[in-house]
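Have a look at the structure first, then read on.

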Amino acid sequence: MLLSLPMVSLKADEEVFYMNGYGVEFTEEQYNYFTDMFWDGYQDYVTQDDFDQVLEFDLFDSRVEKASVVHTYDPENYILGSQVTEKSRTLTISKSCGTYCLMALTATWNYAPTVRSYDVMGARFSGTSVYQYNNTYVISSNGATTVSTSNRQTFDTGFGITTQLPSSGSNLVVGTSFYVYDNSGATVYGAYEHAAAGTTLNVSKMYYISPYGQGDVLYFTGLATYFYDDANGVYISL
C-alpha cells in the first residue's frame with residue numbers, strides 16, 4: 001500500500017532557525033530567502049502551504065534578483081492638493097525562478113503619507129502569463145491586513161489590486177506576489193500608484209493594463225485619472 005506523506009520542511013541534520021505563528025519552521029538559509037525576496041518580517045505571513053510550494057518549485061536554491069525605483073514627487077504633476085513629498089516611497093520588484101518564477105512587488109513608504117485612501121498595485125506581463133496569485137498584504141506599525149481577492153482585477157496581460165491604506169500607523173509596506181511561467185526573455189512590469197486625494201473603491205478600479213499607463217502598467221480611466229500620482233514603475237526580465 002502506498003501512503004501519501006506530508007512534505008518535510010527541514011532535513012534531519014538542519015536546525016530550526018525560526019518558527020512563525022503558523023508553526024512553519026525555517027532554517028537560517030530559508031529565512032534569509034524570504035527576507036531577500038520580500039522583506040525581513042515577511043516570514044510571519046508564510047503559511048505551510050506557501051512554504052511547501054516554494055520548496056516544491058525548487059526556489060530556495062535559486063538566486064533572488066531585484067530592481068527598484070524611488071518615487072520622486074514632480075511639482076508639475078501636483079494632483080488635487082496632494083501631500084505627496086519627495087522620495088515618498090520605494091517600489092521593488094523581485095524574482096526567483098525554478099519550476100515557475102515567483103515574483104514579488106513591494107512598496108515601502110519612506111514616511112507616513114498624509115493621504116490614506118485606495119492605492120493600486122499592479123503588474124503587466126510581456127512574453128509570459130500568471131500561473132498563480134498569492135496574498136496581498138498591507139503592513140503598518142498597527143498590524144497587518146490581508147487584502148480581499150475581490151479587490152483584484154485580472155486582464156489578459158496583467159492584473160491590478162486595490163489596497164486601502166490604514167487610517168493610522170507608520171512604517172507602511174504594501175506587498176503582493178504571484179507565480180508566472182519561466183519563459184526566457186519575458187518581462188514583468190510593476191507599478192504602485194498612490195491616491196493623492198480621498199477616493200472610493202469603485203473609482204480605484206477604473207483602469208486597464210497597458211504599456212501606456214502609469215508606471216507602464218495601470219491605465220486609469222474616468223474619474224480615476226484625477227486621483228493617482230503617476231509614479232514610475234519597475235521591470236525585470238526572466
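The side chain of Asp-119 makes a polar contact with the side chain of Tyr-192, at 2.5 Å; such a contact is a pair of N or O atoms within 3.5 Å, where one must be able to donate a hydrogen and the other to accept it, and residues adjacent in sequence count only if both atoms are side-chain atoms. This is a predicted model, in which local features need pLDDT of at least 70 and side-chain atom pairs count only at pLDDT 80 or more, while totals for chains, interfaces and linings use all residues. Residues are numbered from 1 along each chain as its sequence is written, and side-chain values use heavy atoms, with hydrogens and water left out.

- Asp-119 is buried without a salt bridge (buried: under 20% relative accessible area, 1.4 Å probe, protein chains only; salt bridge: a side-chain nitrogen of Lys or Arg within 4 Å of a carboxyl oxygen of Asp or Glu).
- Beyond neighbours within four places in sequence, the contacts of Asp-119 include Trp-109, Ile-161, His-194 and Tyr-228 (contact: heavy atoms within 4.5 Å).

**The strands**
- Asp-119 belongs to strand β6, residues 118-126 (strands are DSSP runs of E, at least two residues, numbered from the N terminus).
- Strands β6 and β10 run antiparallel, joined by 7 bridges (pairing takes at least two DSSP bridges); Met-121 has Ile-161 in β10 as its bridge partner.
- Strand β10 (residues 158-164) is largely enclosed by the rest of the structure, because 6 of its 7 residues are buried.
- Strand β9 (residues 152-155) also pairs with β10, antiparallel over 4 bridges, and a hairpin of 2 residues joins β9 to β10.

Definitions and conventions
Buried means under 20% relative accessible area, exposed over 50%, partly exposed in between (1.4 Å probe, protein chains only). Lys and Arg count as positive and Asp and Glu as negative; His and the chain ends are not counted.
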